[in-house]
Amino acid sequence: MIRILAACLALLMACLPAAAHELRPAYLDLRETAPGVYAVVWKSPARGDRRLGISPRLPDVCTPNGEPQRAIESNAYFERLTITCSVPLKGQMIGVDGLGATYTDALLRIAYLDGAVETARLTPETAFTEVKGAQSALEVALTYFTLGVEHILEGVDHLLFVFALLLLVKDWRSLVKAVTAFTVAHSITLTGATLGYLSLPQAPVEAIIALSVVFVAREIIMGGRGQGGLSGLMPWTMAFAFGLLHGFGFAGALREVGLPQSDVPLALLSFNLGVEAGQLAFVAAVLLPASLARFMFKLEPRRYAMTAAYAIGAIAMVWFIERMTTLI
């Protein structure tokens, strides 16, 4: 029965890459280029020629300067236009029509001419927000913390890597070292890449992240056969090495959102703490049921590690092939 459930879980996760696009947030970016003039970019999830039935609602005091440019790029629908607003945006309402009928969130970012940046998260329950013009430090921290939590929980490849790491490590001490090493490593590259000190092209990074999951699955299988993998003795070294790579993946999302110029350290720290909180919540969600099953039903989850490893490796290989095709 457990093997059947594992197979069903594998099939479900294999479908996630296709469904994940609909779950990705929409993005509305306004950049003030001259007093009262804003360059607007609207991005919403799409698959092929189909896109979600959502659209931005800008204040009535703003008028477009010509027709918007529309395009489908990389599974996303884009609209680009310039608007002129007769009064400051502060106190005006901005939102997304149709958001309440979806499972999608939307991120609003406004960059003002003086360098101030305002960010707000729009949800199906709260699809409109009042422009504040400036944010308190606490509001900035909460916004970026929430974004960090959401990013890690929606990053199925990152979570699958962590899950495989939990299967690979056999004792609590090694687990703490491995998770800590992964955290430290991706924090280093997340910070460096976001601030512009480190750089790697995003598409190859995403492909190699998928390959890193395949590698950990192989290590589980080798260990289960008694052959010993490359990371069997010191899994924290492998976690650190791949954590550096995963940090570039986290940075890609944060670069797209952007950082408020007046609160870069706070926003970066909050986003990273959100990533860690989401990661720890996932670890707890895996370990607590496993411990409960061992205590109440005398089941040993590690007996099924080999089955799970094959499923994880297969799913990650599908991701790797999909991502490699975008590079050709």
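Visitor: Which residues are buried in α3?

Guide: In this predicted model, the buried residues of α3 are V140, A141, T143, Y144, L147, G148, E150 and I152. Each of them therefore has under 20% relative accessible area.

Visitor: What makes the span of helix α3 close to the expected one?

Guide: Helix α3 covers residues 137-154, which is 18 residues, and reaches 26 Å from its first C-alpha to its last. The expected value at 1.5 Å a residue is 26 Å, and the helix is close to it.

Visitor: How much confidence does the predictor give the protein chain, in terms of mean pLDDT?

Guide: The mean pLDDT is 82, and 85% of the residues reach 70 or more. Over residues 1-23, however, pLDDT stays under 50, and the model has 23 contacts beyond four places in sequence for that stretch. Where pLDDT is low, the predicted coordinates should not be read in detail.

Visitor: Why is D29 called buried?

Guide: The relative accessibility of D29 is 3%. The limit for a buried residue is under 20%, so D29 counts as buried.

Visitor: Why does R31 count as partly exposed?

Guide: R31 has 41% relative accessibility.

Visitor: How do you know that the side chains of D29 and R31 meet in a salt bridge?

Guide: The distance from N to O is 2.8 Å. A salt bridge requires a side-chain nitrogen of Lys or Arg within 4 Å of a carboxyl oxygen of Asp or Glu, so the pair of D29 and R31 qualifies. D29 and R31 are also linked with R109 in a network of salt bridges. A search of the whole structure finds 10 salt bridges.

Visitor: How do R80 and E73 count by relative accessibility?

Guide: R80, with a relative accessible area of 30%, is partly exposed. E73, at 32% relative accessibility, counts as partly exposed. The side chains of R80 and E73 meet in a salt bridge at 3.4 Å, N to O.

Visitor: Why is strand β10 described as largely enclosed?

Guide: Strand β10 comprises residues 117-122, and five of its six residues are buried, so the rest of the structure largely encloses this strand.

Visitor: What makes β9 mostly covered?

Guide: Six of the six residues of β9 are buried. On one side these are A106, L108 and I110, and on the other L107, R109 and A111, so both faces are covered. In a regular strand the side chains alternate between the two faces of the sheet.

Visitor: How do you know that β9 and β10 pair?

Guide: Six bridges join strand β9 (residues 106-111) to β10, and at least two are needed, so these strands pair; they run antiparallel. In this arrangement A111 stands opposite V117, and R121 is the bridge partner of L107. The two strands form a hairpin with five residues between them, and G115 in the turn has a positive phi of about 100°.

Visitor: In which sense do strand β1 and β9 pair?

Guide: Strand β1 (residues 26-34) pairs with β9 in the parallel sense, over six bridges. One of the bridge pairs is L28 with L108 in β9.

Key
Residues numbered from 1 in each chain as written. Predicted model: local features only at pLDDT ≥ 70, side-chain atom pairs only at ≥ 80, totals over all residues. Heavy atoms only, no water. pLDDT = per-residue confidence, 0-100. Contact = heavy atoms within 4.5 Å. Helix = DSSP H or I, 4+ residues; strand = E, 2+ residues; numbered from the N terminus. Expected span 1.5 Å × (residues − 1). Buried < 20%, exposed > 50% of the residue type's maximum accessible area, 1.4 Å probe, protein only.
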